[in-house]
Amino acid sequence: MKWLAVILATINPLTGRAIAIPLGLSLGLPFLDVCLVSGLSNFLLATTIVLVLARIEHIPVVQRYIEKKRGQKLTRFIEGKGLGYAVILGPFLLGTFTVSLIFQGLGADRKRMILYCLISALIVTPIVGWITMSFKGIMQALI
């Protein structure tokens, strides 16, 4: 049941890894296992979102929206350096799933988005785990 709580907290777009990792550690689960399960479940759901949205792109209304946005300054930024910034800052500011939805909506490349999700899981998950371990006393006081 403890692992199920961690997985459900991770795949919930409102909570994500920022809640799942402290929850798992407060339930007494091992640090590395919690980070691995949280990162993996986050990556799998984000990849699923990217693949589903790639299928939806072929709907005429969605296709017109993407074509309308292409060439604008924000879309050019995303296709260029923006994806790199989103890997690091996106999960902290908006969440992995929200960033995936925004970038796919602006027409980002599907393969780059899956790579983004993997890099995000590999970078952000240990950082959240480290922050949680650093403030372990405060986390235990809250629970």
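The model is a predicted one, and its secondary structure comes to eight helices and zero strands. Among the contacts with a separation of 6 or more, 71% are accounted for by residues 24 or more positions apart.

**The pockets**

Rolling a probe the size of a water molecule over the atoms shows where empty space is left.

| Pocket | Volume | Lining by class |
|---|---|---|
| Largest pocket | about 350 Å³ | 13 nonpolar, eight polar and one charged residues |
| Second largest pocket | about 160 Å³ | eight nonpolar, two polar and no charged residues |

The largest pocket has a volume of about 350 Å³, and of the 22 residues that line this pocket, those closest to its centre are Thr 15, Gly 16, Arg 17, Ala 18 and Pro 91. At least two lining residues are supplied by each of the helices α2 (17–26), α5 (73–93), α6 (96–105) and α7 (110–134), and the largest share of the lining, four residues, comes from α7.

The second largest pocket is lined by Cys 35, Leu 36, Gly 39, Leu 40, Phe 43, Leu 118, Ala 121, Leu 122, Thr 125 and Pro 126. Here the helices that each supply at least two residues of the lining are α3 (31–56) and α7.

In helix α1, which covers residues 2–11, the buried residues include Val 6, Ala 9 and Thr 10. These three residues cover an arc of only 100° around the axis, and therefore they lie on the same side of α1.

Helix α2 has as its buried residues Arg 17, Ala 20, Ile 21, Pro 22, Gly 24 and Leu 25. Arg 17 is also one of the residues closest to the centre of the largest pocket. After α2 comes Gly 28, a residue whose phi is positive, near 90°.

When residues up to four places away in sequence are not counted, Cys 117 touches Phe 43, Ala 46, Thr 47, Val 50 and Ser 100. Of these contacts, Phe 43 is also among the residues that line the second largest pocket. Cys 117 and Val 99 are 18 residues apart in sequence, and their C-alpha atoms are 9.7 Å apart in space.

Leu 94 lies in the loop between α5 and α6, two helices that each supply at least two residues of the lining of the largest pocket. Leaving aside neighbours within four places in sequence, Leu 94 is in contact with Val 99 and Ile 102.

Conventions
Residues numbered from 1 in each chain as written. Predicted model: local features only at pLDDT ≥ 70, side-chain atom pairs only at ≥ 80, totals over all residues. Heavy atoms only, no water. Contact = heavy atoms within 4.5 Å. 1 Å grid on protein atoms, 1.4 Å probe; cavity = no way out; pocket = protein on both sides within 12 Å on 5 of 7 lines; lining within 4 Å. Points joined across faces, edges and corners; volume = space filled by probe spheres on them. Nonpolar A, V, L, I, M, F, W, Y, C, P; charged D, E, K, R; others polar. Buried < 20%, exposed > 50% of the residue type's maximum accessible area, 1.4 Å probe, protein only. Arc of directions from axis to C-beta.
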